[in-house]
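Please open the model in the viewer and keep the selection panel at hand.

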Amino acid sequence: MESLPFADAAGLREDYEAVDWTTTPLGDPAGWSRELRRALQVVLGTRFPALVAWGPELVMLYNQPYADMVADKHPAALGRRVREVFPEAWDGIAPLFEEVFAGRATWSVDMPLPLQRKGFLEEAFFTFSYSPIRGQDGEVLGTLDIAVETTRQVQDHRRLELLTLLGDLATDLDEPAEVAARALDVLRTAPLDLPEVDLHLPGAAGAGHRRVLPAAPEPLRPRQVLVRPGEGGPLAWVPVPAALGETSPGVLVARLSPHIAPDATYRDFLRLVAATVGDGLSAAASYQAERRRADLQAWQARRLGGLVAVAQALPDVDGEEDVLRVLERGASALLGADGVVLGVLEPDGSGTAGLTVLGDPQDPAAAALPAALRGVPVADAARGTAAWPLRLTDRTAGVLGLSWRTPRELRPEDRDLLTALAASAAQAVDRVRARRAEREAADAVRSLAETLQRSLLTSAPQPEHLEIAVRYLPAAEHAQVGGDWHDAFLTASGTACLVIGDVTGHDQDAAAAMGQVRNLLRGIGYSLEVSPASALSALDRAMRDLGVGALATGVLATVEPVEGLRAWRLRWSNAGHPPPVVLAPDGRVQVLRTDPDLLLGMDAEFQRADHVHGLVPGATVLLYTDGLVERRGASIDDGLDWLASTAARFADLGPDAVCDAVLAEVAGHAEDDVAVLAVRVRAEPVA
């Protein structure tokens, strides 16, 4: 009995089994098509959030990361139409599905798609690609969606831009009242995060200002973010600290977005806004004292510039060690830290036993790391150490540790800065691990596919009158293999059959189809004892009757002695493949150009042609796939001319050496897989 298509769904299997599929457009899973099963297998096999939207009705099937991403919409979304599950985002994605069913893949970067998934209509951004899933006849049957949510990155980027603009306030104004007015102007350019905003300032800075939002309902503690429900969105009150630890000059009041949860990250952003506004106000006041003015400006520029530099450098790192190096530069410049270490946890968030310390393990900061694993920052002023957790949405990725040679009391703005650094570092560590996992998965697929390819390519026989050599070279860059193959075998009567071929495509399916075509041709050539053209025609019919859904190019040749003469005869038939090349012992090269017949698998009734060419003793015939002669930006004739001139240099070599020498010319930069077969007739034919 065939297993259910979602048997490999792991933690989602019960959810899949709970769906009454007979009531959906897909019907009973036992009757799902091969294409649908294959698409679902791909989705369930990846760790990226992935969705199959099947048929014109776009019925949803997905994996566990996708279920985590859509949150409360799962498991009800299984088996339902995309439009029913995402009515709030339909206007944005409907045109993209139309593109797919027109046969074109789409690519969207940081696309805003509002989602009703956590009890409210949430602001969300995604980078994703919709790709058509085709049937054997090329018809688009559904859509494959590979998606990554980028909401946090988009929000962090625009918030960083706002903070940078606020930081500039202290450089061009010298009156606190002007700073406050300009700060409000800047803050009101960020309606996505701050739909309404106000500053409640005492004294001269608040004179003449009409309040548009209410005062705090209760006294505020330093760095407290007080949030209360409000009409049109929650209201938040944050004390505005003064630079250099002076008395707070006021309160930042903001109506928060109803589409963003007022979580720790949102609150940290409000603290940074309040701190930056406070820095600007304090800097403006300090302009009256020239001695402090230069110090404050330099401090402010260094603080904001360093934070921007760290945020810009982290997305480009390749490993956790690179993350540490960026943080070392940033923490030293921004906070004067003497030591920086980074503790990273295994992806499952395991405890202290799974903590790997990067940096100097003897640094005092290393000993402080475990205390922050519970997600709460820890600062020891007497010891001069601080440990800040690297918090992600669902877990702690590690801990950032800092140390100073002397006792250090962290100011509120130092804590805010550390929070921002830790948040950026957490995202960077998460990105590094995702990229590494993807590379490892790609390498594994490549290794498995190449092993499959080589297992289907056997060594060549060595009859008395011939020397035969075969080689296979995988492509230099891409991570897939294709359908290139070589073959050489003797028929029951001892005739040597030589085969070179290429099944269209570059994936495991092409390699599997190659194995079918190769084995069919072997059986036909061995048992029928017919000419190459007749054998290829029989292969056409077998591919049709046995349902081998593939197209292939190929050359089938035999080498036989001419009765009564010291000569040989090459007889071959060409199915849309590059022509054989003959190397004479004296260095002359002939490219046996003919009008190639149709590809194998196109027309089972097509009448194929045989061709004959005489061979002198010692001549070598070279058969090869198109990866040897095709180059980007060059014609096939240019490639054949190159091969002829190259092969002429190796005419005095044996078949093994010819194969190795030709492949050495393209090794390391071949754009496609290459199969090569060389056969040389010995000096004396066998009677």
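A salt bridge here is a side-chain nitrogen of Lys or Arg within 4 Å of a carboxyl oxygen of Asp or Glu. By that criterion, the structure holds 38 salt bridges. The model is predicted, so local features need pLDDT of at least 70 and side-chain atom pairs count only at pLDDT 80 or more, while totals for chains, interfaces and linings use all residues. Residues are numbered from 1 along each chain as its sequence is written, and side-chain values use heavy atoms, with hydrogens and water left out.

**First stop: aspartate 660 and arginine 471**

Select aspartate 660 and arginine 471, which form a salt bridge with their closest N and O atoms 2.7 Å apart. Aspartate 660 belongs to helix α17 (residues 655–666) and arginine 471 to strand β17 (residues 466–473), so the pair ties together parts 189 residues apart in sequence. Helices (H or I, at least four residues) and strands (E, at least two) are DSSP runs, numbered from the N terminus. Aspartate 660 is partly exposed, at a relative accessible area of 40%, and arginine 471 is partly exposed at 22%. Buried means under 20% relative accessible area, exposed over 50%, and partly exposed in between (1.4 Å probe, protein chains only).

**Second stop: aspartate 487 and arginine 518**

Next, select aspartate 487 and arginine 518, whose side chains meet in a salt bridge at 4.0 Å, N to O. This pair links distant parts of the chain, 31 residues apart: strand β18 (residues 483–490) holds aspartate 487, and helix α14 (residues 508–528) holds arginine 518. Are these two residues buried or exposed? Both aspartate 487 and arginine 518 are buried.

Now display helix α8 (residues 176–187) with helix α9 (residues 264–286); their axes come within 8 Å and cross at roughly 150°. Axes are lines fitted to C-alpha atoms, for helices over the stretch in contact, and angles run from 0 to 180 degrees between N-to-C directions. The two helices, α8 and α9, are therefore roughly antiparallel to each other (the term applies to angles over 145 degrees). To view the contact (heavy atoms within 4.5 Å), select Pro176, Val179, Ala180, Ala183 and Leu187 in α8, which meet Val273, Val277, Gly280, Leu281, Ala284 and Ala285 in α9. The residues of this contact divide into 10 nonpolar, one polar and no charged. Here Ala, Val, Leu, Ile, Met, Phe, Trp, Tyr, Cys and Pro count as nonpolar, Asp, Glu, Lys and Arg as charged, and the others, Gly among them, as polar.

Definitions and conventions: Parallel < 35°, antiparallel > 145°, perpendicular 65-115°, else oblique.
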